[in-house]
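Please look through the structure below before reading on.

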Amino acid sequence: MGLRCAIIGSGNIGTDLMVKMLRSEVLDLRALVGIDPDSDGLARARSMGVEASHEGPDWVLDNAGEFDMIFDATSAYVHVRYYKKYAEAGITAIDLTPAARGPKVIAAVNLTEHLDAPNINLVTCGGQATTPMVHAVRRAVDSVPYAEMVSTVASKSAGPGTRQNIDEFTKTTSTALREIGGAETSKAIIILNPAEPPIMMRNTVFAGLPEGSDHEAVLESIWSMEKEVAAYVPGYRLKNPPVIEEGPYSTPGGVVPHRAVVLLEVEGAGDYLPPFAGNLDIMTAAAMRVGEAIAEHRGVTA
Amino acid sequence: MTATPSIAVSTDYRLIDSTLRDGSHAISHQYYADDVIKIVAGLDRAGVQVIEIAHGDGLGGSSFNYGFSAIDEKELIAKACDTAVNAQIACLMIPGIGLADDLREVRELGVSVARIAVHCTEADITEQHIKVAKELGMEAIGFLMMSHMNSPEGLVEQAKLLQSYGADTIYIADSAGAMTTEDVRRRVNALVGALEVPVGVHAHNNLAMAVSNSIAAFEEGAKNLDGTSAGLGAGAGNCPTEILAAVSDKYGIATGVDPLVLMDVAEEIVRPLMPRQQVIDRAGLLLGYAGVYGSFLLHAERAAERYNVPIADILLELGRREVVGGQEDMIIDVALELAAQHAQSELTDPDIESR
């Protein structure tokens, strides 16, 4: 029997995650929880045979004995208010908001580091997309003095949470490039593009390369990381071959002679959200990867 | 500290000079303290009311994507605040690139005007920043970039959001220098009719329309106009402040600035700094023609050279993709794709095969 799970938040992300989780053999989705009884997400849950509650996080806490793990797809504000209560109730929380209360996990980099943590934070969509590439460069060189990511998402796929807290996105993502990616200094940039039809999520990673770096090894590591991430986010790909450009560049981490440029595109799986919303798909795919790793760690088998 | 200039001058519009912000693009963000002191002193002497300074892409813009500043912008901003006697110092910031924390820092340095810039359809990402600026006691100017990409009605909707967050003034920016005079008139007219706060226009010269569009904006009721000394700026350059002041004089429009002093500043201080004069060459014109963000110009030139593809092809493809301000990384993307297509066509070209 799988881990008993609830998804909290019946918006785009929660509903997309539901569709993915119903295919899992180790995560047993028991409920989708929202606050609007008329939401499309809850209606879809009912039609798919999943229990739907509109009584919010309190409903989960009132029925705490029924759940091993929750996936929080609400907002940073709601997560901050409830995260301690989930822990007290003995429920593991996978946090898809930028609340950043628990240790940060990027599925392709430090998946197994925090399997026993009561609360895991999935950083941001841009963080899930770009931190692996900073790590890919880092494992091929002595140091990455400075790394930068630029994330461009379709306006239609940026919800009110992102829009009202855009500083939280860039700060949390930038921190992940250092703490998990291994860069010494970092910067994150997010751009919204309203073009119609909506653009696919694009991410660009720039990484400063110190003197004496083995450029072939860097490129090889990047290609290999594309496969590692695509294993759980099928629409993750290098849009163009990675390149090494010659500087010098006066970065905040010091002058570097070269930079690696990694041009990524993320196409969503189209489970609930349209394929252009790769930014949302990469979060739900990462949540599945982390949830299943925890289930396996606890001895749950298919 | 208040947001009121120490000398009140009665003018028909307010001139905001952006030589030290938008002009920064044209010199690849390589301003030094001496340049800042000289330019601020000159503009202040000429009577310019507001002087904007920051990385070309706003506070926090120093990056791989947009180019690293030679000197930390905060150091330069401090110098500008120390130098200005009458002029207010402004900073521009783009949410997603800069942070509200940047506004707090520059407020401490003496900056009293915050321009919060955003793509012309995404005004709702500025709420926290406009509110922070207001809490800090700054004038908050909402700045809608690439305004040629939105209709007059669409801009009114976005401007009303900015107004509801507390913006004191609302600008439309012709960031691609792509608007005709009629485009400007319709947009300004719609905004002036719908808003309670004053309107401003920031023009670029890619289609040689910057000065005439600025005057037209004034005639439609805009109370703020932007320019840079000698037109120094992204793309083919901005509205040259010394020309705008001279033309305004001819029209009998009171600017409060002395065109002769502005001419001296342009000629003696700014032109010697310029790696090249602002002319409307093919690439500059193409920006306006294809509606591409002006600051892409120098980045596109570098990519064209590095990957041996024509700059015109890069700019036209960026226009087709409807990229917005800030997506400089797409220049490399487009250049690589063009280079790959080029290599492919060489392989399959029978003339080359038969050689």
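Which residues are linked in a network of salt bridges? The network takes in Arg202(A) and Lys239(A), together with Glu317(B), Arg320(B), Arg321(B), Asp333(B) and Glu337(B). The model in which these residues are seen is a predicted one.

Side chains of opposite charge can pair when their charged atoms come close. Over all chains, the structure holds 36 salt bridges. A few of them can be followed one at a time.

One pair is formed by Glu245(A) and Arg306(B), whose closest N and O atoms are 3.6 Å apart. Are the two partners buried or exposed? Glu245(A) has a relative accessibility of 2% and therefore counts as buried, the limit being under 20%. Arg306(B), with a relative accessible area of 37%, is partly exposed.

Other salt bridges lie within chain B, and two of them share Arg21(B). In one, the side chain of Arg21(B) meets that of Asp22(B), with 3.6 Å from N to O. In the other, Arg21(B) pairs with Glu52(B), and here the closest N and O atoms are 2.9 Å apart. Arg21(B) sits in the loop between β1 (14–20) and α1 (23–26) of chain B, and Glu52(B) sits in strand β2 (residues 50–53) of that chain, so the pair ties together parts that are 31 residues apart in sequence. Arg21(B) is buried, at 4% relative accessibility. Asp22(B) is buried as well, at 4%. Glu52(B) counts as buried at 0% relative accessibility.

Next comes the contact between the chains. The size of an interface is often given as the accessible area lost when the parts come together. For chain B and chain A this buried area is about 3,100 Å², and carbon and sulfur atoms give 53% of it. On the side of chain B, the residues that lose the most area to chain A are Phe64(B), Phe68(B) and Gly96(B), which together make up 22% of what that side buries.

Six salt bridges are found between chain B and chain A. Arg163(A) and Asp124(B) meet through their side chains in a salt bridge of 2.6 Å, N to O. There are also 22 residue pairs in polar contact across the interface of the two chains.

The last part of the tour stays inside chain A. Where do the domain bounds of chain A fall? Domain 1 covers 3–123 + 283–297, and domain 2 covers 125–274. Taken over C-alpha atoms, the centres of these two domains of chain A are separated by 26 Å.

The domains of chain A meet through 22 residues of domain 1 and 20 residues of domain 2. About 1,900 Å² is buried between domain 1 and domain 2 of chain A, with 69% of it on carbon and sulfur atoms. Three salt bridges are counted between these domains. Another pair in chain A to look at is Asp271(A) with Lys20(A), a salt bridge whose closest N and O atoms are 2.8 Å apart. Nine residue pairs are in polar contact between domain 1 and domain 2 of chain A.

Which elements give two or more residues to the side of domain 1 of chain A that touches domain 2 of chain A? They are α1 (12–21), α2 (40–47), α5 (107–110) and α10 (278–297) of chain A. Of these, α1(A) gives the largest share, five residues. The residues on that side of domain 1 of chain A divide into twelve nonpolar, three polar and seven charged.

Conventions. Residues are numbered from 1 along each chain as its sequence is written. Chains are lettered from A and ligands numbered from 1 in the order in which they are written. This is a predicted model: local features need pLDDT of at least 70, side-chain atom pairs count only at pLDDT 80 or more; totals for chains, interfaces and linings use all residues. Side-chain values use heavy atoms; hydrogens and water are left out. Buried area is the accessible area (1.4 Å probe) that two parts lose on being put together, summed over both. A salt bridge is a side-chain nitrogen of Lys or Arg within 4 Å of a carboxyl oxygen of Asp or Glu. A polar contact is a pair of N or O atoms within 3.5 Å; within protein, one must be able to donate a hydrogen and the other to accept it, and residues adjacent in sequence count only if both atoms are side-chain atoms. Domain bounds come from an automatic or database domain assignment. Contact means heavy atoms within 4.5 Å. Helices (H or I, at least four residues) and strands (E, at least two) are DSSP runs, numbered from the N terminus. Ala, Val, Leu, Ile, Met, Phe, Trp, Tyr, Cys and Pro count as nonpolar, Asp, Glu, Lys and Arg as charged, and the others, Gly among them, as polar. Buried means under 20% relative accessible area, exposed over 50%, partly exposed in between (1.4 Å probe, protein chains only).
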